[in-house]
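Visitor: Hi! Could you walk me through this one? I'd like to start with the charged pairs.

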Amino acid sequence: MTDYVRWLNELGMDDVGVVGGKNASLGEMIQHLSQLGVQVPGGFATTAAAYREFLAATGLDARIAAELEGLDVDDIGALSAAGPRIRGWIVEQPFQPALEQAIDDAHGRLIERSEVDVGASLSWAVRSSATAEDLPDASFAGQQETFLNVHGLPAIKHAIKEVFASLYNDRAIAYRVHQGFTHAEVALSAGVQRMVRSDRAASGVMFTLDTESGYRDAVFITASYGLGEMVVQGAVNPDEFYVHKSTLVAGRPAILRRGVGTKALRMVYAEPGANPPVRTEDVPAAERQVFCITDAEIEALARQAVLIEQHYGRPMDIEWAKDGLDGRLYIVQARPETVQSRSGQVIERYLLKGKGEVLATGRSIGHRIGAGKARVLDSIKDMDRVRPGDVLITDMTDPDWEPIMKRAAAIVTNRGGRTCHAAIIARELGVPAVVGCTDATDRIADGTAVTVSCAEGDTGFIYAGELPFEHKRVELAQMPEVPVKVMMNVGNPERAFAFAAIPNAGIGLARLEFIINNSIGIHPKALLEFDRLPVDLRAEIAPRIAAYPSPREFFVMRLSEGIATLAAAFAPHPVIVRMSDFKSNEYANLIAGPRYEPEEENPMIGFRGAGRYIAEAFRACFEMECEALRYVRNTMGLTNLQIMIPFVRTLGQAQAVTAALAEQGLRRGEHGLKLIMMCEIPSNAVLAEEFLEYFDGFSIGSNDMTQLTLGLDRDSALIAADFDERDPAVKKMLAMAIAACRAQGKYVGICGQGPSDHADFADWLVQEGIESVSLNPDTVIDTWLYLAEQGKARA
C-alpha cells in the first residue's frame, strides 16, 4: 500500500499513530485472533499522514486553528457556531490527487478480493478512527461519525470527508479541551470495510465486565434487530445477557441472565439510491417479545470477547454484528473499557432516606442518587435552559449533547439501554442516569424538583421532590480483621455483582421467593397448567413467557438465571440458597395465585416451608425448584451453591424433605452438596442434635425464632415493641442450637434481621461461637468494623 492507505490485515497496535485506535485494533485482531475464531471484516484505512496533508494542502489547518483559538467550549452558543463552520470547510475541500488515487486503487482491490461477483451489489461501512482515541485513560467513543450501507466509489469518498469533518463535532472539540489534548495533535483515519448485513439479523455491544459494578468475571452483551447504530445511539431498549467467563472457559453452559428488551425499532437498508441509505422501521410485536439471538450465539459472542480481552490484557468494549446472509458473528470494533476498569478499592454507598411519588422508571446506570430541578428538553436547541445541578430529561442523547450533560445532576431518557450514548457518558461523568423510561418526558413536569435513584437495583426510579439520601465512601484496603465470617443476605440477583465487591465470606441467605416474585411473577401451578387456564389469564401470562420455550421452562430457566447469578458473583465463597418460603397469602399475590392458594387464618404458621414441599399438591412445583438448583450445580458447575430448607417443624419432615431432594438428584454429600436447615422454630433448638442427623448445619432465622419463642405476631403493630431478638428466652434457644452444631463440628450461622439491626447482638453471637453472621448489605461495613473493634478489645 501507500503512505495514504493501509490494509487492515497489515496493521497492529503499534500503528495507532498511523491509523488511529479503532483501525489499529481491527488490524491487530485480524492478524492475531482470526485463527482462534474472532471474525473481523477486512478492508483498508486512510492514514493520519493523509489526513494532515489533506488539511495542509490549502491552509485549512491554519484556518481551523484560528477559528478555535480562544474558543470557550463551555459557551454552548459559540461552540455550536464554530463546529458546523469547520465541518463545512472540510467536506467542501477536494482530496489531494495522491490520496484520491490511493483510495481509487484500494477500492478496486477490495472489489477484486470480494466473494461477491458484481461490485455494484456490495455495500461498505466507513468508520472513524482517531489517533489519540481509545487510550487506556481516555475514550473518544461515539464522537466521530460512522456511515453505513455506502454504495460506490463516489459515495465512499464523500463519507471519508464526512469522517474527517467529524473530528470537529461539538462534543469532540469540547472533550479534547477538557482532557488536555491540543486539537492539532489528534488526526483522523477512515476505515472502509465490507458491510456486515446485520440489517437482516441483529447487532449490539458487549463488555468484558459488568458496566455498573466493575465485576470482572462476566461478559455483558446487548443485542437488537438491525444495524448496530440503534443500540449505540440508545434509540432502542435491547435484549441483555450476562455470560460467566469461568464457566464458559470450563466448557459448560454459562449464560447467567437473559433480559428481553422492547426492541421497538430497527435500522435497515433503504431502497437503492435513497439518501440517506438507511432507514428505521417498526419491529413486529411478535419479534419484540422474543430474544433476537440464540443461546448458542450468545456464548459464541462471549467466547470471542474473552479471546479479545485475553489478547489485550484488559477489559474491552466491543461492537458486534450478525450477518443475515452468511449467519456469522463479526466483531466490528474493539476498544479498551475506560470507566469501571479504573475503579479503585473504594466503595461508594448511596442510600435513599425518604420516599416520594414514583414519576417514571427505567434502567439504572451506576448506583448513585442525584436530585435537582427537572429540565425536560424536546431538542438540543433548548440546551441553554439547562443549569448546573439540573436533572436533564429528554428522549435520547447523542454526542452533541455532551456539553450540557456535564452540567446535569442526573440524566433521564425515554430510550436506550445500558450501552447507549447517555449511559456511557453518565458513567464517564459519574452522574446517575435512568435510561429506557419510555415516557419520562410526558410524566415529569419541567421545572419540578425530582430525585433520580439508581441505588435500588437494575430499575432506576425518578421520584417527585428532592428526597434526602446518604452517601458514604469506604476504603476497602483499610478493612480490619474480624473474628467471624461475615456473609450477606442477598435476594436480588440484579445487585449481586455490586454486593460482591463488599468484603464478605459469601451469601448466608439467598431467598428464592425474591426471584420468583420479581423475575417470574406467576404462580408455578399456573405455568404447569397453562393450557387449561381461562383465556384472560393466558392472555396476561403469554407475553411474559414468550421468549422461553414453554411455560414450565420459563419458570425453571428464570429461576436458574437468578440462582446462577448469585452463585457466580460470590464464587468461590459459599452461596446458601433457601428454597421458596412464601406463605399462602404471598403466593396468592402472584398472577393466578388465588386459583391455587388456601385462605388461612394465620399463614405465618400455615402451609409453608418443608411441609409444603412434601405435600402432594405442591410436589410438581417443588420439582421445578429442584430442577433449577440441579442445573446450576450439576450442569453449570457452580458447586459453591448450597441448599437451605426453611420451616422444618418435625423430624419426620426433615427425613421426608431430604429424601425428596435426593429423588430429585440433590443428595446430600454428592458433588460436595451441603444441606442447611433454617433453625427458626423452638423445636429445632430443643431437638438440635436430632435435626442435625439430616443436615450439614443450621442457619438461624432469628425473626421467626423470636416470634415463636415469645408467642407474638411480628406483623402486629400493637405488640411490635415486645419483639426483640435479644430477649433472654430467644438467646437461650440460639445458644442451644449453636452449642449442638459446635459439638458435632457442623456449620452454624445466623441470617435473621437481628445482627443487622443490633451490633451488640452480633457480638454476643460471636462470643457464643457462631461461625458466621449474614447481614443485609447496607450494614456489612458498620457491623464489620464494630465486631473488629470488640474482638480487639477482648484480645
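Guide: Happy to. A salt bridge here is a side-chain nitrogen of Lys or Arg within 4 Å of a carboxyl oxygen of Asp or Glu. One thing to keep in mind is that this is a predicted model.

Visitor: Good to know. How many salt bridges does a search of the whole structure find?

Guide: The search turns up 44 salt bridges. As a general point, side chains of opposite charge can pair when their charged atoms come close.

Visitor: Let's take Glu100. Which residue does it form a salt bridge with?

Guide: Its partner is Lys157, and the closest N and O atoms are 2.9 Å apart. The two come from distant parts of the chain: Glu100 sits in helix 5 (residues 97-113) and Lys157 in helix 6 (residues 153-165), 57 residues apart.

Visitor: And Lys157, is that buried or exposed?

Guide: Lys157 counts as buried because its relative accessibility is 14%, and the cut-off for buried is under 20%. Glu100 has 29% relative accessibility, so it counts as partly exposed.

Visitor: What about Glu771 and Lys485, how do their side chains meet?

Guide: They meet in a salt bridge, at 3.3 Å from N to O. Glu771 is in the loop between helix 29 (759-768) and strand 30 (772-775), while Lys485 is in strand 23 (residues 485-489), so this pair ties together parts that are 286 residues apart in sequence. Glu771 is partly exposed, with a relative accessible area of 30%, and Lys485 is partly exposed too, at 43%.

Visitor: How about Arg667, whose side chain does it meet in a salt bridge?

Guide: That would be Glu670, with 3.4 Å from N to O. Arg667 counts as partly exposed at 43% relative accessibility, and Glu670 counts as partly exposed at 37%.

Visitor: Which residues do salt bridges with shared partners join into one network?

Guide: The network takes in Asp210, Glu212, Glu240, Arg257, Arg363, Arg418, Arg427 and Asp458.

Visitor: New topic: cavities. How many are there of 30 Å³ or more?

Guide: The count comes to 4 cavities. The largest cavity has a volume of about 150 Å³.

Visitor: Which residues are closest to the centre of that largest one?

Guide: Those are Arg127, Ser198, Gly228, Ala321 and Val332, out of 16 residues that line the cavity. Strand 6 (202-207), helix 8 (229-233) and strand 12 (316-322) each supply at least two residues of the lining.

Visitor: And how do the lining residues divide into nonpolar, polar and charged?

Guide: For the largest cavity, the lining has 9 nonpolar, 4 polar and 3 charged residues.

Visitor: Moving to the backbone, where is there a cis peptide bond?

Guide: One joins Asn275 and Pro276, with omega about 5°. Pro276 belongs to the loop between strand 10 (265-269) and strand 11 (278-282). Another cis bond runs from Ala571 to Pro572, again with omega near 5°. Pro572 is in the loop between helix 19 (551-570) and strand 25 (575-578).

Visitor: Why do those get a mention?

Guide: Because most peptide bonds are trans, and most residues other than glycine have a negative phi.

Visitor: You mentioned helix 14. What is the relative accessibility of Ala440?

Guide: It is 0%, so Ala440 counts as buried. Ala440 lies in helix 14 (residues 440-443). Ala440 and Glu670 are 230 residues apart in sequence and 51 Å apart in space, C-alpha to C-alpha.

Visitor: Last one: which residues form a nonpolar patch on the surface?

Guide: Val686, Leu687 and Met736 do, with about 220 Å² of accessible area together. Val686 lies in helix 24 (residues 682-686) and is partly exposed, with a relative accessible area of 49%.

Terms used
Residues are numbered from 1 along each chain as its sequence is written. This is a predicted model: local features need pLDDT of at least 70, side-chain atom pairs count only at pLDDT 80 or more; totals for chains, interfaces and linings use all residues. Side-chain values use heavy atoms; hydrogens and water are left out. Patches are made of residues with over 30% relative accessible area and no salt bridge: like charges are joined within 9 Å, nonpolar side chains (Val, Leu, Ile, Met, Phe, Trp, Tyr) within 5 Å. Accessible areas come from the Shrake-Rupley method with a 1.4 Å probe; for residues, only the protein chains shown count as cover. Helices (H or I, at least four residues) and strands (E, at least two) are DSSP runs, numbered from the N terminus. Buried means under 20% relative accessible area, exposed over 50%, partly exposed in between (1.4 Å probe, protein chains only). On a 1 Å grid over the protein atoms alone, a cavity is a set of points where a 1.4 Å probe fits but cannot get out, and a pocket is an open set with protein on both sides within 12 Å along at least five of seven lines; lining residues have an atom within 4 Å of a point. Grid points are joined across faces, edges and corners, and a volume is the space filled by probe spheres set on the points. Ala, Val, Leu, Ile, Met, Phe, Trp, Tyr, Cys and Pro count as nonpolar, Asp, Glu, Lys and Arg as charged, and the others, Gly among them, as polar.
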